[in-house]
Amino acid sequence: MNKKKSILENQAVNSFLASLISIAAGLVFGVVLLLILKPEAAMGGVKAMLGAGFSKLDNFAEVLYQAAPLMLCGLSVGFAFKTGLFNIGASGQYTMGAFFALFCALQLQLPWWVCLIASMIGGAFWGLFPGLFKALFNVNEVITSIMFNWIGMYLVNLCFANLPKTLASHNDRTANLTEANPSAVIPKAGLDKLFHSNYMSISIFIAIGIAVLMYVVLQKTTFGYELKACGMNRSASQYAGINAKRNIVLSMVISGALAGIGGGLYFLAGAGQYVLVKALLTRGFDGIPVALLANSHPLGTILSSFFISYLSVGGNAMQPNFSTETINIIIAVIIYLAAFSLLMKNMLAGVARRKKEKQKEAGK
């Protein structure tokens, strides 16, 4: 008769516990850091960090607003991870998606859903090049995607600078979308009144829907199986008749499309404007910790994006007692520990194995 497996032997549970341990350890570090920096305000800082996101409806609306593009960037990085690729070019793809969306919204005066599709095309287009270089010339996708981050940023700035219709009067940022083309703003469906915040729209539901779709594609379709098989062992997948080159290109295109939609969701919400600065948009890079905390699982990405967004809102509430850099350090530590989640998973698996061995010895 087969004995029941230990809960720690379940891979999904193991991954979840590993992420929880990373988060808990990072938060403990955060409390210690606050005590060192300003002992008298430390408890207030902890309360703000952990409670601000739920303290008011408009704060929670901001959490959801920031979580939507974060989720898509996390899905972008996680999708590539699942297929054996490291897409560090999500920032460039996110930027290109934002440009395509805003170009259609401000220059062409198109409705929001067309602009969102355009953002997907923009991100997919920018993900195509690293995929082609990897598939055809075996150039490491990390190198090409980093280069295309900077190319994308400078190209978008150049394009916006030469499209006066898209810019605000002071020419350092794009025009206010709610005034320039209200039809391009993602519908709020009454959620702004419910949450008493202009941040609120249906963006978060679109993001969650895409996360569920990615789960179905990766876990329930032949196409997803081929992508994962190609990522695990390219040579073996080719031997099995899978077109590895095609799958590499498609993986990067889909990954880029997801990051591009993230850019579209953020800027089409009507609460933010693209600023023409010579710096990469960090939200694409924020997708890396989201994917790491979720162990690249599409459904786990929903939770991890909420968590990172929640901490960011809490970090803003810690001011003026603590700077925004303080919460960035705490998030960075959680990310750093999340990168060691594989080690933690192995440790948990080792605990389960030793427990099983003891049970066997006791049964003899």
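**View 1. Asp172 and Arg173 pair up through their side chains in a salt bridge.** The gap from N to O is 3.4 Å. Bear in mind that this is a predicted model. Asp172 has 31% relative accessibility, so it counts as partly exposed. Arg173 comes out at 28% relative accessible area and is therefore partly exposed too.

**View 2. Lys134 and Glu141 make a salt bridge between buried residues.** Here the closest N and O atoms sit 3.5 Å apart.

**View 3. Glu226 and Arg246 form a salt bridge that links two helices.** Their closest N and O atoms are 3.4 Å apart. Glu226 belongs to helix H10 (residues 222-232) and Arg246 to helix H12 (residues 244-267), so this pair ties together parts lying 20 residues apart in sequence. With a relative accessibility of 41%, Arg246 counts as partly exposed.

**View 4. Helices H2 and H3 cross at roughly 100 degrees.** H2 covers residues 42-55 and H3 covers residues 57-82, and their axes come within 6 Å. Angles of 65 to 115 degrees count as roughly perpendicular, and the two helices are therefore roughly perpendicular to each other. On the H2 side, the contact involves Ala52, Gly53, Phe54 and Ser55, which meet Asn59, Phe60 and Val63 of H3. Sorted by class, that H2 contact with H3 has four nonpolar residues, three polar ones and no charged ones.

Conventions
Residues are numbered from 1 along each chain as its sequence is written. This is a predicted model: local features need pLDDT of at least 70, side-chain atom pairs count only at pLDDT 80 or more; totals for chains, interfaces and linings use all residues. Side-chain values use heavy atoms; hydrogens and water are left out. Axes are lines fitted to C-alpha atoms, for helices over the stretch in contact, and angles run from 0 to 180 degrees between N-to-C directions. Helices (H or I, at least four residues) and strands (E, at least two) are DSSP runs, numbered from the N terminus. Angles under 35 degrees count as roughly parallel, over 145 as roughly antiparallel, 65 to 115 as roughly perpendicular and the rest as oblique. Contact means heavy atoms within 4.5 Å. Ala, Val, Leu, Ile, Met, Phe, Trp, Tyr, Cys and Pro count as nonpolar, Asp, Glu, Lys and Arg as charged, and the others, Gly among them, as polar. A salt bridge is a side-chain nitrogen of Lys or Arg within 4 Å of a carboxyl oxygen of Asp or Glu. Buried means under 20% relative accessible area, exposed over 50%, partly exposed in between (1.4 Å probe, protein chains only).
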